[in-house]
Each structure stands twice: as structure tokens, then as C-alpha cells.
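Got your viewer open and ready to click? Let's take a short walk, one selection at a time.

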Amino acid sequence: MVMREAIAISERRACQLVGLSRTVLHYDPKAQPENEQLKARLVQLAGERRRFGYRRLHALVRREGVQANHKRIYRLYSDAGLSVRRRKRRHGVAVERQALEHPAGPNQVWSMDFVSDALANGRRIKVLTIVDDFSKEAIDLAVDFGISGHYVTRVLDQAARFRGYPKAIRTDQGPEFTGKALDQWACQHGVQLKLIQAGKPTQNAFIESFNGRLRDELLNETLFSSLSHARAVLAVWRADYNGSRPHSQLGWQTPAEFASTFNPRRALALRNLKSSAPSPAVPPAQQGKPNPGNELKTG
């Protein structure tokens, strides 16, 4: 001890002066192999899913059969230096918060929006995101250089072949959503269009939250070399989001698991999804620095 080196004093007296137990002074921590194995697994998962925090990683290892509480996971997570760096938030106009009515079941209300990104050569691409507000499932992620109102209706018809048509769809007031094409499609299929007020994205909070996860976990982490590459990576991410990624608002179930409890046929589809789901990891060669043109655009 530094005190004993400077002053001739006994160990007992030195511990009394600084308020330290002699048992603690001589305690030699022993390495626990199970903790080292769990830490290694957390490092591996964090490498595959770089924007996952310790709570979501805890849900993943718990699904693998690991019995550990969140405090132990957080300690190992912190010791390994896995804390996710927070991105700077964009400052926008403050709008009035408005509570959303939560649907009572799947396929009642879908939400749609657009996310803008760019390829490695700088050419802009547009991603149409569609989410089921109840089950949080990513219904489709359609990407192209340009998406018109007719394009939107074709994507919705394709999704309806497997899921059926929703009772309502919530969108902003973008030209693709307020044109004749979508209005006629909705009238033909008995779908109600719910338009939010201009400048109030919080009224479409479910899709805004999903878009934030999409950008944070994929778009800001990946540099797309071509349109076909973007489509392939988005398809892999969507399958992983629906079938493997635990969702906090669903009791840490995946969206597909949660939806399967309301439809027996969806349970069979979930088993097929798990057996054929591609690996969620993006090859290191396809990952790049965050694209400087990656700003979020709605509608």
C-alpha cells in the first residue's frame, strides 16, 4: 500500500484509516469460465449486429438457453467495451405528440413511408417501407430509383397475395400516396386510407420507429454497390427482422412469432421461415463508412 510505504504503520491500522476491509484488500478474484464464454458470445453477436444494445443481446442469448439476468449481461457487455455509440439526432420542428390507436389484430392497419439512400456511385435510391402496426412485421421493403403511385399499388397487391388486404393503411401526404392511383386501388379493394397531418410525422410513429431501426442497423452500416445489391441485402435484413430479431414491444418475441399466435397458418410459415432464413450478417466487403447522403426523407 502507498500509505505503508510512506509511513511506518501496520496494515490493520492503514485499513482502519481508509475504511477498507482487510478481506477486500486480500481478495483475489477468480476467473469464471462460464462468464468468459458468455462474454465471447456477446462479442460475437455484437460483431454481427453492431447496433444492438445489451438488452437486445440479452434477449438473443436467452433465446439460446443462457440463464443470466440483465445485470450480469450488462457487466460483461461493459467489460467487453461493446457500448453502442449514439448517433447525433437531427433537430427539426417540434410537433404536437398524438397518441396512436393500437390495432386489435394483424392486418388491420398497415403503415407506409419512404426512406432515401444512395449507391456507392452517388445515385439516389428510394425504399418503400410497409409495416403491420399490430405485429410490427416488415411486410415489404421495395427499393428502386423511383417509385410512383402505380408502383406502390403493385407492391401492395403482391403483399396481399400472401397476407390478404388490410382494413386501413396509414401514410403521410406525399404525392405517391395522395394521387389517383392509390386512391382508386383503395376504393377497389375496400381499404381505408388514413392520411396524417402535414408536418406531423409522430402521427405515423410506428413506421417512423421502424425506419429509424432500418437506417441505424442497415443503411448507415452498408454501402450498396448496385440496385440489385441493395435489394438482396434488404431482403436478408427483412427476413432477419421478422424471424430472428426480438422486439421489445412484443415481449422480446420476434414479429413472426407474435403474429403466429393469431393465425395457425402463420405458425407453419414461421417454421418454414426459420428453416430457410439466410444469415443476417453482411459480408465485411460490403460494409463501408456511413454514406454522407444518408438523410431520412419522408413521403
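This is a predicted model: local features need pLDDT of at least 70, side-chain atom pairs count only at pLDDT 80 or more; totals for chains, interfaces and linings use all residues.

Residues are numbered from 1 along each chain as its sequence is written, and side-chain values use heavy atoms, with hydrogens and water left out.

**Stop 1: α4 and α5.** Select residues 33-48 (helix α4) and 54-63 (helix α5). Helices here are DSSP runs of H or I, at least four residues, numbered from the N terminus. Their axes come within 11 Å and cross at roughly 115 degrees; axes are lines fitted to C-alpha atoms over the stretch in contact, and angles run from 0 to 180 degrees between N-to-C directions.

Now show side chains. Which residues make the contact? From α4 come Leu 38, Arg 41, Leu 42, Leu 45 and Ala 46, and from α5 come Leu 57, Leu 60 and Val 61. Contact means heavy atoms within 4.5 Å.

**Stop 2: Thr 153.** Jump to helix α7, residues 149-163, and pick Thr 153. Is Thr 153 buried or exposed? Its relative accessible area is 9%, so Thr 153 is buried (buried is under 20%, exposed over 50%, partly exposed in between, with a 1.4 Å probe and protein chains only). Look for the backbone oxygen of His 150, 2.6 Å from a polar side-chain atom of Thr 153. Leaving out residues up to four places away in sequence, Thr 153 touches Ala 181, Leu 182 and Trp 185.

**Stop 3: Arg 154.** Also in α7, Arg 154 counts as exposed because its relative accessibility is 51%. Finally, select Trp 185 too: Arg 154 and Trp 185 are 31 residues apart in sequence, with 9.6 Å between their C-alpha atoms.

Notes:
Helices (H or I, at least four residues) and strands (E, at least two) are DSSP runs, numbered from the N terminus. A polar contact is a pair of N or O atoms within 3.5 Å; within protein, one must be able to donate a hydrogen and the other to accept it, and residues adjacent in sequence count only if both atoms are side-chain atoms.
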